[in-house]
Amino acid sequence: MNEREAPREKCGYCMGGELLAAFGIPVCDLSVSKLILFKEQSHPGRCIVAYKDHVSEIVDISAEERAAFMEDVARAAKAIHAAFHPDKLNYGAYGDTGCHLHVHIVPKYRDQYEWGGVFAMNPGEKFLSDDEYAAMIEKIKENL
């Protein structure tokens, strides 16, 4: 394991279960990734596209896999636009501690939370009921 890797056994994207449930809900598998609804919904429709394998950097995968991953991000973004009609989507690719290739897709709405600024990683302000999450997931799936 090199310095930019974290153990797969501690990765919510890889292991699922309680590790993933701490921050997200699976929506579906895409071509080379998983689409996950972010539980904190200060930005309605916020999702994560996580690469299928436990790699840290986009340079750790082949050009073909990178292209497929970016197509998954674009497919998810298109579905989020269609389902939630944000004014803009912000994209964030972080992983200082998780070390698993993933992209946050964060819908932004004029005159709403954090418009005009950088989105907070996890503001911890807005969580939904199970039924509300299920409705959001269904809306996303209808538009994929």
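**Exercise 1.** In this predicted model, determine which ring Arg 46 lies over, and at what distance from the ring centre.

*Solution.* Arg 46 lies over the face of Phe 38, and the distance from the ring centre is 4.1 Å. Since a charge sits over a ring only if, among other conditions, CZ of Arg is within 6 Å of the ring centre, the value of 4.1 Å meets the distance part of that rule.

**Exercise 2.** Find the aromatic pairs, classify their geometry and locate their members in the chain.

*Solution.* The count comes to two aromatic pairs. One of them joins Tyr 13 and Phe 23, with 5.4 Å centre to centre and 70° between the planes, and because planes over 60 degrees apart count as edge-to-face, this pair is edge-to-face. Tyr 13 belongs to helix 1 (residues 12–15), whereas Phe 23 is in the loop between helix 2 (17–21) and strand 1 (24–29), 10 residues apart. Tyr 13 is buried, with a relative accessible area of 11%.

Tyr 51 and Phe 69 also form an edge-to-face pair, at 6.0 Å centre to centre and with 80° between the planes. Tyr 51 lies in strand 3 (residues 47–51) and Phe 69 in helix 3, so the pair ties together parts that are 18 residues apart in sequence. Both Tyr 51 and Phe 69 are buried.

**Exercise 3.** Describe how helix 3 and helix 4 cross, and which residues make the contact.

*Solution.* The axes of helix 3 (residues 63–84) and helix 4 (residues 130–142) come within 8 Å and cross at roughly 115°, and the crossing is right-handed. Helix 3 contributes Ala 79, Ala 83 and Phe 84, while helix 4 contributes Met 136, Lys 139 and Ile 140.

How values were computed:
Residues are numbered from 1 along each chain as its sequence is written. This is a predicted model: local features need pLDDT of at least 70, side-chain atom pairs count only at pLDDT 80 or more; totals for chains, interfaces and linings use all residues. Side-chain values use heavy atoms; hydrogens and water are left out. Axes are lines fitted to C-alpha atoms, for helices over the stretch in contact, and angles run from 0 to 180 degrees between N-to-C directions. Helices (H or I, at least four residues) and strands (E, at least two) are DSSP runs, numbered from the N terminus. A crossing is left-handed if the near helix is turned anticlockwise from the far one by less than a right angle, and right-handed if clockwise. Contact means heavy atoms within 4.5 Å. Rings of Phe, Tyr and Trp (its six-membered ring) pair if their centres lie within 6.5 Å; planes under 30 degrees apart count as stacked, over 60 as edge-to-face and the rest as tilted. Buried means under 20% relative accessible area, exposed over 50%, partly exposed in between (1.4 Å probe, protein chains only). A charge sits over a ring if NZ of Lys or CZ of Arg is within 6 Å of the ring centre and within 35 degrees of the ring normal.
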